[in-house]
Amino acid sequence: MAKNRFEGAPFRGALRTVALAALLCLAAGPAISADGIDPDADAILRSMSTYMGGLKSFSASADIDVEVIDLQGQKLQFSSSGTLLLVRPGQFYSHRQVPAGAFELFYDGKTMTLYSKDRGAYFQMPVPPTLDEAIGAFRAETGFQLSGDDLLYSNPYPGLMTDVTSGSYIGTAWVNGVECHQVAFRAEKVDWQLWVQTGDKPLPMKYIITTKWLTGAPQFSVRLGDWNTQPTIPPGRFDFKPPAGARRLESVKVNEMGEVELGGVQR
């Protein structure tokens with residue numbers, strides 16, 4: 001039988017060296033402030049928030065993973081991909097592909113529309129004139145939370161720090177080939193981690209939320225990439241005009257995964 005290429009003393013020794021180095025880095029971290037927040041972690045989060053809020057427009061791609069615990073207690077992960085385009089203060093478009101089909105979200109500063117071409121159906125409602133307010137209004141009405149919307153606000157810092165009890169700077173890591181600062185925070189019901197690009201463009205590259213109050217501690221994660229802070233915006237990109245024959249729905253339903261069911265399809 002061929003020997004596994006990962007077997008043997010040299011490989012095991014390398015693993016022990018890496019693990020020991022990681023533990024030493026965590027143990028030798030900087031002093032924590034009186035409120036339990038590592039100043040370095042706080043500075044990175046503030047820098048990211050200021051930078052993101054200062055962008056007048058941007059586009060990005062997103063790979064999203066959502067974990068659920070089934071009736072047998074097994075943890076399952078469901079994946080989807082999408083793109084997003086934002087212009088402050090009140091224009092937004094996203095496209096998301098899930099196994100059940102593709103969906104689009106339009107926001108023109110007055111109305112938010114969720115549309116499924118596969119089902120020929122859409123849900124539409126009036127919302128406030130800024131994205132910050134529109135996100136909350138849409139969630140309050142439908143129960144739907146836009147994936148990673150914590151990072152889209154004009155100032156993400158206050159929302160991210162809600163109920164936070166401690167925060168740590170973990171070190172540098174690589175996400176999709178990009179060097180990042182990794183920070184970790186704890187709140188009453190969730191733990192979360194954020195990977196922020198190093199350098200003068202502190203863009204969020206990866207975001208993970210662990211739900212501690214649910215059995216199995218399922219996670220939500222999103223990897224962001226293909227950032228463009230000066231995107232070309234096609235005319236009418238944020239406007240929705242119902243195609244002929246499309247059904248307008250009076251309501252939508254959010255399932256246990258937090259996804260909107262639109263005409264029998266989930267977003």
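How many of the six residues of strand E6 (residues 121–126) are buried? Five are, so the strand is mostly covered; buried means under 20% relative accessible area with a 1.4 Å probe, protein chains only. This is a predicted model: local features need pLDDT of at least 70, side-chain atom pairs count only at pLDDT 80 or more, and totals for chains, interfaces and linings use all residues. Residues are numbered from 1 along each chain as its sequence is written, and side-chain values use heavy atoms, leaving out hydrogens and water.

**Whole chain**
- The protein chain has four helices and 15 strands, taken as DSSP runs numbered from the N terminus (helices H or I, at least four residues; strands E, at least two).
- Among its 267 residues, 44% are buried.
- Of the contacts (heavy atoms within 4.5 Å) with a separation of 6 or more, 48% link residues 24 or more positions apart.

**E6 with E5**
- Strand E5 (residues 111–116) runs antiparallel to E6, joined by six bridges; pairing requires at least two DSSP bridges between two strands.
- Tyr-115 has Tyr-122 of E6 as its bridge partner.
- Four residues lie between the strands of this hairpin, where Gly-120 takes a positive phi near 60°.

**E6 with E12**
- Strand E12 (residues 247–249) pairs with E6 in the parallel sense, over three bridges.
- Ala-121 has Arg-247 of E12 as its bridge partner.

How values were computed:
Buried means under 20% relative accessible area, exposed over 50%, partly exposed in between (1.4 Å probe, protein chains only).
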